[in-house]
Amino acid sequence: MRFLGRHRGIAALVAVFILGCIVSPRNLRTGEIVFLTPGNQSNVLFEYSEYGLLAVGMTLVILTAGIDLSVGSVLGFIATLFSFLIIAKGVSLGPAVLICIIAGCGIGATNGLLVAKLRIQPFVATLAMMVAARGAAKLVSGGIKIAHGARPWYILQDAPPRVFEWMTAPYAGGWLRPVTLLFLVTIILAALIVRYTRFGRYLYAVGGNEEAARLSGVDVARTKILAYLISGITAALAGISSACRMGYGDPEAGATFELDAIAAVVIGGSSLMGGRGGVMLTLIGTLIIGYVNKILSLIGWQEAQRLLAKGVIIVLAVVIQETRRRRV
């Protein structure tokens, strides 16, 4: 029981996976369990790559006892900006990606400065940025989805950019897509940074006890700003992925995605109070949410029912965390 308590995230993931095998319908022709098919397994990672990218940055912010409500709107803004640069203006891929990453850095750094230097509550600062980023997305797009041929002056008129198709095309026997690979590489890099760098140790110190960290010589403001900046970068990567997956830039993309990102962090086992958790736990949380949604979809639950189920799972995860925290 103690082992399960320490590794409850992995235990929950295994339980959800087994549940999926049990309740999943079977292919009427082959008798194969639909949940276990390679297509379904690879689709879970592909479909939740954007949520996972947002959750990676969110994890770092939550480790400092902060929160970033702007990531969903930043995703929408970057998806719109990336599509505008590629489709409307004909900018080549490298400069377009660079501009989007710089924009994500700027937004994240602004969030960090508001929180760390101006002492604005993270909820309020990132809520304001959430509204501003959504407004910026609509300003860039003119209120419409940016797709090839949507306006007569767009450079691309006949077909979406090739990079959109390349980023979402299946490779390695259908198991891996570049968007999925981007998510996996990002989460591994973030895990290494958190685990093996001084900055990673500072994240835990600031989230565990900010005043003690300050007295120990930790630059609290710098640590927080870097955490929000990285959250902005991962939101930018999620925005680029969203544009490639959808085939256009939607100024409404990413609405409520911040809630799924927070849910992935919490369900994985990181504490909303800061100071405890990790990036690989977020990968587990993302997979749990992805598998739960896939299972409910396979057995025919509608969107409303799936949202209710997700709400129950989040509450259970928080209750388990609180129970464990009181025992420590």
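## A tour of the helices

Select serine 231 to begin: setting aside neighbours within four places in sequence, serine 231 is in contact with Gly57, Met58, Val61, Asp68 and Val71. The model is predicted. Serine 231 lies in helix α12. Its relative accessible area is 0%, so serine 231 is buried.

Stay on α12 and move to threonine 223, which is also placed in that helix. Is threonine 223 buried or exposed? With a relative accessibility of 3%, threonine 223 counts as buried. To display its surroundings, select Phe199, Tyr202, Leu203, Val206 and Val218; threonine 223 touches these, when residues up to four places away in sequence are not counted.

Next, select residues 178-196, which make up helix α9. The helix has 19 residues, and the distance from its first C-alpha to its last is 27 Å, close to the 27 Å expected at 1.5 Å a residue. Which residues of α9 are buried? They are Pro178, Val179, Thr180, Phe183, Thr186, Ile187, Ala190, Ala191 and Val194. An α-helix has 3.6 residues a turn, so residues three or four places apart point the same way. Colour the partners of these buried α9 residues: α3 (38-47), α4 (49-63), α8 (162-168), α10 (198-208), α12 (220-246) and α14.

Helix α6 is the next selection, at residues 93-116. Its 24 residues should span 34 Å at 1.5 Å a residue, and the end C-alpha atoms are 34 Å apart, which agrees. Show the side of α6 that is covered by selecting its buried residues: Ala96, Cys100, Ile101, Ala103, Gly104, Ile107, Gly108, Ala109, Asn111, Gly112, Val115 and Ala116. What do the buried residues of α6 pack against? Display α5 (71-88), α7 (122-141) and α12 to see the helices in question.

Now turn to α14, residues 279-298. This helix has 20 residues and reaches 29 Å between its first and last C-alpha atoms, close to the 28 Å expected at 1.5 Å a residue. Most of α14 is covered, with 16 of its 20 residues buried.

The crossing in which α13 passes α14 is right-handed. Which residues form the contact between them? From α13, select Asp260, Ala263, Ala264, Val265, Ile267 and Gly268; from α14, select Leu281, Thr282, Gly285, Thr286, Ile288 and Ile289. By class, this contact has seven nonpolar, four polar and one charged residues.

Keep α14 in view and pick valine 292, which is placed in that helix. Valine 292 has a relative accessible area of 15% and is therefore buried. Its contacts are Val16 and Ile313, not counting residues up to four places away in sequence. For a distance check, pick proline 25 as well: valine 292 and proline 25 are 267 residues apart in sequence and 15 Å apart in space, C-alpha to C-alpha.

How values were computed:
Residues numbered from 1 in each chain as written. Predicted model: local features only at pLDDT ≥ 70, side-chain atom pairs only at ≥ 80, totals over all residues. Heavy atoms only, no water. Axes fitted to C-alpha atoms, helices over the stretch in contact; angles between N-to-C directions. Helix = DSSP H or I, 4+ residues; strand = E, 2+ residues; numbered from the N terminus. Left-handed = near helix turned anticlockwise from the far one by under 90°. Contact = heavy atoms within 4.5 Å. Nonpolar A, V, L, I, M, F, W, Y, C, P; charged D, E, K, R; others polar. Expected span 1.5 Å × (residues − 1). Buried < 20%, exposed > 50% of the residue type's maximum accessible area, 1.4 Å probe, protein only.
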